[in-house]
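Okay, thanks for coming, everyone.

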Amino acid sequence: MTREEFQRLCRERIVFLDGATGTNLQKAGMPTGVCPEAWILEHPDTMMQLQKAYFEAGSDIVLAPTFTANRIKLDEYGLVDKIEEMNHQLVAISKAAAGDRGLVAGDMTMTGRQLAPMGDMGFEELIDIYKEQAGYLVDAGVDLFVVETMMSLNECRAALIAIREVTNLPVCVTLSFNEDGRTLYGTDPVTAVVVMQSLGADAVGMNCSTGPEAMLEPIAKMAEYAAIPLLAKPNAGMPELIDGQTVFNVEPEECAEVGKKLVEEGAAIIGGCCGTTPEHIRALKEAVKGIPV
């Protein structure tokens, strides 16, 4: 998909992403503490069924389960020597689920190591780490990229620069904002939009960290400055610990009602993060039907 085709798609209608991966895989038996990517490759049918269910619910784009398949994270599990093969195989699962029904995005996130001066990683080193994974994802045939759950604007910059060094595919960048309206590293929504669109991101927005209601005001602020599509991917509410299990309690219909407001505030691309299911996507698609873009 070209960047022009992506922009045209977002102008023509609301674009639907998938919902959660991790929380649904945990329900399907993935234990805590394992390398998610390795578990998925041992249970490819579980992943494929979930993504097929998202397409059936109305998703236009699913995210390949490559979220933490970067060199730093895989090294924690002793799997760094399998990085290329794992990224290729994880994308292949999503492409098989998609068939001709939709698109597959390469999914990337923070490495867990902090940039200097907060941590010990140099900016160029981080670009190289992202560039390596981006190259494998392009080779595997992704249609676009989603860099998500980011907390540092500098790390967003590094990821975008890295991807642009290997491909001209569309790149969406989403950050996680706390209840105070800033990321962990202090970035506010307006700064995020202005910086990312000036660097050539194709869409920018928010995911994770809050329920849908708390995203309304930041998305509205972003919309005042956005010259590119806005993306909203909220959790199904805030996590609660019940009987030792993390539970997200916002039901599909409630999520969909707020999702409709997010679209009215300016979101052109919408989906769900932690706790959301294919039912959440189905309800969301129904709720925004008929809203002009």
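Let me start with a quick one: is Ala 256 buried or exposed? Ala 256 is buried, because its relative accessible area is 3%, and the cut-off for buried is under 20%. Before I go on, keep in mind that this is a predicted model.

So where does Ala 256 sit? Ala 256 is part of helix α11. If we skip residues up to four places away in sequence, Ala 256 touches Ala 283, Leu 284 and Ala 287.

Now, holes. How many cavities of 30 Å³ or more turn up in the whole structure? One, and the largest cavity holds about 70 Å³ of space. Its lining is Pro 234, Cys 255, Gly 259, Ile 270, Gly 271, Gly 272, Thr 276, His 280, Ile 281 and Leu 284. The elements giving two or more residues to that lining are α11 and α12, and α12 gives the most, with three residues. If you sort the lining by class, you get five nonpolar, five polar and no charged residues.

Next, the pocket. The largest pocket has about 1100 Å³ of space and 44 lining residues. Nearest its centre are Thr 21, Gly 22, Thr 23, Gln 26 and Cys 274. Which element supplies the largest share of this lining? That's α2, with five residues. At least two residues each come from α2, α3 (36-42), β4 (144-150) and β9 (245-248). By class, the pocket lining has 20 nonpolar, 18 polar and six charged residues.

Let me stay with Thr 23 for a moment, one of the residues nearest the centre of the pocket. Thr 23 is in helix α2, residues 22-27. Thr 23 counts as buried because its relative accessible area is 17%, and the limit is under 20%. Not counting residues up to four places away in sequence, Thr 23 touches Phe 248, Cys 274 and Gly 275.

On to the nonpolar core. The largest one has 79 residues, and the members touching the most other members are Tyr 130, Phe 145, Met 196, Ile 219 and Leu 262. Helix α7, residues 123-140, gives the most to this core, with eight residues. Apart from it there's another core, of 16 residues, including Leu 103, Ala 105, Val 146 and Ala 203. As for Tyr 130, leaving aside neighbours within four places in sequence, its contacts include Met 108, Met 110, Met 150 and Glu 155.

Ile 219 came up in that core, and Ile 219 is also on helix α10, residues 216-225. There the buried residues are Leu 216, Pro 218, Ile 219 and Met 222. Why are they on the same side of α10? Because they cover an arc of only 165 degrees around the axis. The face turned away from that buried side carries exposed Glu 217 and Glu 224. The buried residues of α10 pack against α9 (189-198), β6 (203-207), β7 (230-233), α11 and β10.

Last stop: Met 86, in helix α6, residues 83-98. Met 86 is buried, with a relative accessible area of 3%. Leaving aside neighbours within four places in sequence, Met 86 is in contact with Cys 35, Glu 37, Ala 38, Leu 41, Leu 74 and Leu 79. Its C-alpha is 27 Å from that of Ser 209, which is 123 residues away along the chain.

That's my tour, happy to take questions.

Conventions
Residues numbered from 1 in each chain as written. Predicted model: local features only at pLDDT ≥ 70, side-chain atom pairs only at ≥ 80, totals over all residues. Heavy atoms only, no water. Helix = DSSP H or I, 4+ residues; strand = E, 2+ residues; numbered from the N terminus. Buried < 20%, exposed > 50% of the residue type's maximum accessible area, 1.4 Å probe, protein only. Contact = heavy atoms within 4.5 Å. Core = buried A, V, L, I, M, F, W, Y, C linked by side-chain atoms within 4.5 Å. 1 Å grid on protein atoms, 1.4 Å probe; cavity = no way out; pocket = protein on both sides within 12 Å on 5 of 7 lines; lining within 4 Å. Points joined across faces, edges and corners; volume = space filled by probe spheres on them. Nonpolar A, V, L, I, M, F, W, Y, C, P; charged D, E, K, R; others polar. Arc of directions from axis to C-beta.
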